[in-house]
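Subject: Structure handover, aromatic pairs and salt bridges

Hello,

The structure is below, followed by notes on its side-chain contacts. Please read the notes with the coordinates open.

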Amino acid sequence: MRRFIFFLIVCEFFSLACIAANKTIKGHIVDEFGKNVEFASVYVDSIYAVSDKEGNFSLVVPDGMKQELVISHISYQTSKIPYDVYSKKTSLQLTLKEKTCDLSDITVVSGKKQESILGKGVRAPGDVAFHNVRNTKYETGPLFVVNKDYYVKTAKLRVQKCTFASCTIRLIIYEVKGTNFVPVQHRPLYVRLSEISDKKDLSVWIEEPLKLERNHKYYIGVAVMASSGNGEIHFPAYFKKGCVRNLCTDRKKNLPVTLGVSLYGISAKHL
């Protein structure tokens with residue numbers, strides 16, 4: 001049977017223009033304690049970059065593009081720099097302020113055994129793939145509603161293959177409030193991989209208190225934040241309602257097929 005590939009970037013939905021560039025913006029991002037901020041998203045309109053492990057970034061901005069420079073990370077407050085400020089500098093020194101994190105109000109845990117919160121769904125005849133990306137402005141994953149309150153403890157994800165020499169995947173769980181995607185985590189989950197020739201199951205332990213509430217709608221966004229060399233990474237596709245989201249414009253498209261992420265946790269109740 002012929003295999004189909006469900007490409008992450010759909011041409012008719014996300015069209016990218018190729019325009020000549022004339023200005024390179026470089027910068028260094030730290031937090032209030034001077035610690036380098038890795039994997040911060042930096043963008044001007046649809047032009048996008050990600051800070052490296054030293055907090056450095058480089059962004060090539062096309063001639064005539066005068067939108068503000070946006071620096072975002074779910075652990076920190078978003079910073080916006082006007083064109084009149086960043087256009088006059090060759091290098092930017094940026095400090096991000098940490099977000100205030102409200103701890104979960106779940107106080108009584110009913111039992112200690114983890115149970116399934118979200119399953120993968122039925123296997124589809126194809127893969128969800130990221131191709132030749134150093135970092136991507138797109139994330140994709142399942143949309144779901146939980147039937148009771150949970151403490152989330154573990155996320156599981158299968159990689160079909162990875163031909164990058166190395167690759168870092170980011171997972172963020174959002175609550176969907178109308179058209180807004182609001183992170184329920186204070187810090188993203190990062191998984192670093194080396195080249196994989198055959199399928200591998202990944203399991204990520206969630207340390208921070210992470211609460212999902214009954215009848216609320218959620219989304220798990222999976223993105224490639226960094227990669228080394230040319231290559232691609234494939235995830236098995238499953239028949240489950242999912243979403244592709246542009247991290248710069250917040251445009252999104254719902255799809256009937258997505259990659260498979262499983263969540264496990266402990267049921268809980270309020271006092």
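**Aromatic pairs**

The count of aromatic pairs comes to eight, where rings of Phe, Tyr and Trp (its six-membered ring) pair if their centres lie within 6.5 Å, and planes under 30 degrees apart count as stacked, over 60 as edge-to-face and the rest as tilted. The rings of Phe39 and Tyr190 are 4.8 Å apart at their centres with planes at 40°, so this pair is tilted. It links distant parts of the chain, 151 residues apart: Phe39 is in the loop between strand S2 (21–31) and strand S3 (41–44), and Tyr190 is in strand S16 (residues 189–196). Helices (H or I, at least four residues) and strands (E, at least two) are DSSP runs, numbered from the N terminus.

Phe39 counts as buried at 4% relative accessibility, whereas Tyr190 is partly exposed at 25%. Here buried means under 20% relative accessible area, exposed over 50%, and partly exposed in between (1.4 Å probe, protein chains only).

Tyr83 and Tyr86 form an edge-to-face pair, with 5.5 Å from centre to centre and 90° between the planes. Both residues lie in helix H1 (residues 83–86), three residues apart, which is about one turn of the helix. Tyr83 is partly exposed, with a relative accessible area of 26%, while Tyr86 is buried at 0%. Elsewhere, ring pairs link Tyr174, Phe181 and Tyr219 into a cluster.

This is a predicted model, so please note that local features need pLDDT of at least 70 and side-chain atom pairs count only at pLDDT 80 or more, while totals for chains, interfaces and linings use all residues. Residues are numbered from 1 along each chain as its sequence is written, and side-chain values use heavy atoms, with hydrogens and water left out.

**Charges over rings**

A charge sits over a ring if NZ of Lys or CZ of Arg is within 6 Å of the ring centre and within 35 degrees of the ring normal. Arg123 lies over the face of Tyr238, 5.8 Å from the ring centre. Lys153 lies over the face of Tyr151, with 5.8 Å to the ring centre.

**Salt bridges**

The count of salt bridges comes to 12, a salt bridge being a side-chain nitrogen of Lys or Arg within 4 Å of a carboxyl oxygen of Asp or Glu.

Glu38 forms a salt bridge with Arg192, and the closest N and O atoms are 3.1 Å apart. Glu38 is in the loop between S2 and S3 and Arg192 is in strand S16, so the pair ties together parts that are 154 residues apart in sequence. Glu38 is partly exposed, with a relative accessible area of 25%, and Arg192 is exposed at 52%.

Glu139 and Arg245 meet in a salt bridge at 2.6 Å, N to O. Glu139 belongs to strand S12 (residues 138–145) and Arg245 to strand S20 (residues 232–246), so this pair ties together parts 106 residues apart in sequence. Both Glu139 and Arg245 are buried. They are also in a network of salt bridges that links Glu139, Arg170, Arg245, Asp250 and Lys252.

Asp201 forms a salt bridge with Arg158, with 2.7 Å between the closest N and O atoms. Asp201 lies in strand S17 (residues 200–205) and Arg158 in strand S13 (residues 150–159), so parts 43 residues apart in sequence are tied together. Arg158 is partly exposed, at 24% relative accessibility.

Regards
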